[in-house]
2 protein chains.
Amino acid sequence: MSAENTEWQHELRARGYRLTPQRQLVLEAVEELGHATPEEVLTEVRRKAQGVNISTVYRTLELLEGLQLVTHAHLGHGAPTYHPGSAPDHAHLVCRGCDRVIEVEPVDVAPLVSVLESKYAFRTDVRHLTVFGECDRCEPAT
Amino acid sequence: MSAENTEWQHELRARGYRLTPQRQLVLEAVEELGHATPEEVLTEVRRKAQGVNISTVYRTLELLEGLQLVTHAHLGHGAPTYHPGSAPDHAHLVCRGCDRVIEVEPVDVAPLVSVLESKYAFRTDVRHLTVFGECDRCEPAT
DNA sequence: TTGATTGCAAAGCCTTTGCAGTTCT
DNA sequence: AGAACTGCAAAGGCTTTGCAATCAA
């Protein structure tokens, strides 16, 4: 873990950024929470340090995303959900009926990725992919 | 066209709703614009009638969506885009590099739909599907 | 030292809501 | 007449921004 830290911390500095307690706390929070909105990240961060501001969370998440240490996806109408970059790649299915979120492996969306690549030369961002629809527990739409 | 009109107008009334000039104008605007945000719909509507309010546009789009006369998709960070329900089904590809939007036929996403159906019993809403990534005109991310 | 970063407060989008007046049926 | 609908204004949720103070290197 210290090896990991060293790595991204070096990367940060290499780009002229600075390592701050807030940045470490935000990254830790995303890694601990797994799926979290900016507001949830803030809450988690504040359990360890006080005075951290929501605007810092937004700025930090953006920066961490640039470093590919976190990613985000839109799972509904509200705030986006942030995931650790270290988590295995996955796409999301969201059920309109019950709001259930299902994580799917890249292999499941590989057929789509292939078609888009070959037919449109389009490179899909799988980690950002969210498919809306209806799950088996919910009645078909009428 | 009057036949079409008659049909949805009957449907409206059958559900206890009323036919108002605003509702006709909003539907016409979506059909004329093809892809439009609520704000764009308002602008178009105001070319024909004055005094129409943005809140009416929102309320009307929601109602028309319930009647499946329009659908919406999220093509970026801002407001959603509304499409006529009469348009052929399609999904969207959005390029992060140049913001280009590519419409794809249902047949292109059929492989995905099949996998999700068979493996997760998940029924995909193709018209709402937006895939983010990078198009052939743009450089691969570094 | 000094430029990056933060907290705070204000503003900005986009969308929803309460309500009184209006309109469709 | 009476319920549905609209315009208006205000509020609400989420996010960004300007700026002075603070902090990492």
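The legends below describe close-up views of a predicted model.

**View 1. Helix H2 of chain B and the residue that follows.** Helix H2 of chain B runs over residues 21-33. Its 13 residues reach 18 Å from the first C-alpha to the last, close to the 18 Å expected at 1.5 Å a residue. Five residues of H2(B) are named here as buried: Leu25(B), Val26(B), Leu27(B), Ala29(B) and Val30(B). In an α-helix there are 3.6 residues a turn, so residues three or four places apart point the same way. Just after H2(B), Gly34(B) adopts a positive phi of about 80°.

**View 2. The protein surface near DNA strand D.** DNA strand D is surrounded by 22 residues, and the closest are Tyr58(A), Pro80(A), Arg18(B), Arg23(B) and Thr56(B). Of the atoms of DNA strand D that come within 4 Å of the protein, 67% are accounted for by sugar and phosphate. At least two residues of this surface come from each of three helices, namely H4 (54-66) of chain A, H2 of chain B and H4 (54-66) of chain B. Sorted by class, the surface near DNA strand D has eight nonpolar, eight polar and six charged residues.

View 3. In the side chain of Arg23(B), an N or O atom is 2.4 Å from a phosphate oxygen of DNA strand D. Gly51(B) takes part through its backbone, with an N or O atom 3.1 Å from a phosphate oxygen of DNA strand D.

**View 4. The protein surface near DNA strand C.** Around DNA strand C there are 22 residues, the closest being Arg18(A), Arg23(A), Thr56(A), Tyr58(B) and Pro80(B). Sugar or phosphate makes up 69% of the atoms of DNA strand C within 4 Å of the protein, and bases make up the rest. The residues of this surface divide into eight nonpolar, eight polar and six charged.

**View 5. Polar contacts to phosphate, sugar or linking oxygen, and base of DNA strand C.** A polar side-chain atom of Thr56(A) is placed 2.2 Å from a phosphate oxygen of DNA strand C. The side chain of Gln22(A) has an N or O atom 3.0 Å from a sugar or linking oxygen of DNA strand C. A base nitrogen of DNA strand C lies 2.9 Å from an N or O atom in the side chain of Arg59(A). Helix H2 (21-33) and H4 of chain A, together with H4 of chain B, are the elements giving two or more residues to the surface near DNA strand C.

**View 6. The interface between chain A and chain B.** Contacts link 33 residues of chain A with 33 residues of chain B. About 2800 Å² is buried between the two chains, 61% of it on carbon and sulfur atoms. On the chain A side, Tyr120(A), Phe122(A) and Arg123(A) lose the most area to chain B, together 23% of what that side buries.

**View 7. Tyr120(B) and its surroundings.** Tyr120(B) belongs to helix H5 (residues 106-120) of chain B. The relative accessible area of Tyr120(B) is 18%, so this residue is buried. Apart from neighbours within four places in sequence, Tyr120(B) is in contact with Leu93(A), Ile102(A), Glu103(A), Val104(A), Glu105(A), Asp108(A), Asp136(A) and Val115(B). The C-alpha atom of Tyr120(B) is separated by 25 Å from that of His72(B), a residue 48 residues apart from Tyr120(B) along the chain.

**View 8. Thr71(B) in strand E1.** Strand E1 of chain B, residues 70-73, holds Thr71(B). With a relative accessible area of 11%, Thr71(B) is buried. Leaving out neighbours within four places in sequence, the contacts of Thr71(B) are Glu65(B), Thr81(B), Tyr82(B), His83(B) and Arg127(B).

**View 9. Two loop residues with positive phi.** Asp99(A), although not a glycine, has a positive phi of about 65°. Asp99(A) sits in the loop between strand E3 (91-95) and strand E4 (101-104) of chain A. Its relative accessible area is 60%, and Asp99(A) is therefore exposed, the limit being over 50%. Ala121(B), likewise not a glycine, has a positive phi of about 55°. The loop between H5 and strand E5 (123-124) of chain B contains Ala121(B). Ala121(B) is partly exposed, with a relative accessible area of 28%.

Technical notes: Residues numbered from 1 in each chain as written. Chains lettered and ligands numbered in written order. Predicted model: local features only at pLDDT ≥ 70, side-chain atom pairs only at ≥ 80, totals over all residues. Heavy atoms only, no water. Helix = DSSP H or I, 4+ residues; strand = E, 2+ residues; numbered from the N terminus. Expected span 1.5 Å × (residues − 1). Buried < 20%, exposed > 50% of the residue type's maximum accessible area, 1.4 Å probe, protein only. Near = heavy atom within 4 Å. Polar contact = N/O pair within 3.5 Å; in protein donor to acceptor, adjacent residues only side chain to side chain. Nonpolar A, V, L, I, M, F, W, Y, C, P; charged D, E, K, R; others polar. Contact = heavy atoms within 4.5 Å. Buried area = accessible area lost by both parts, 1.4 Å probe.
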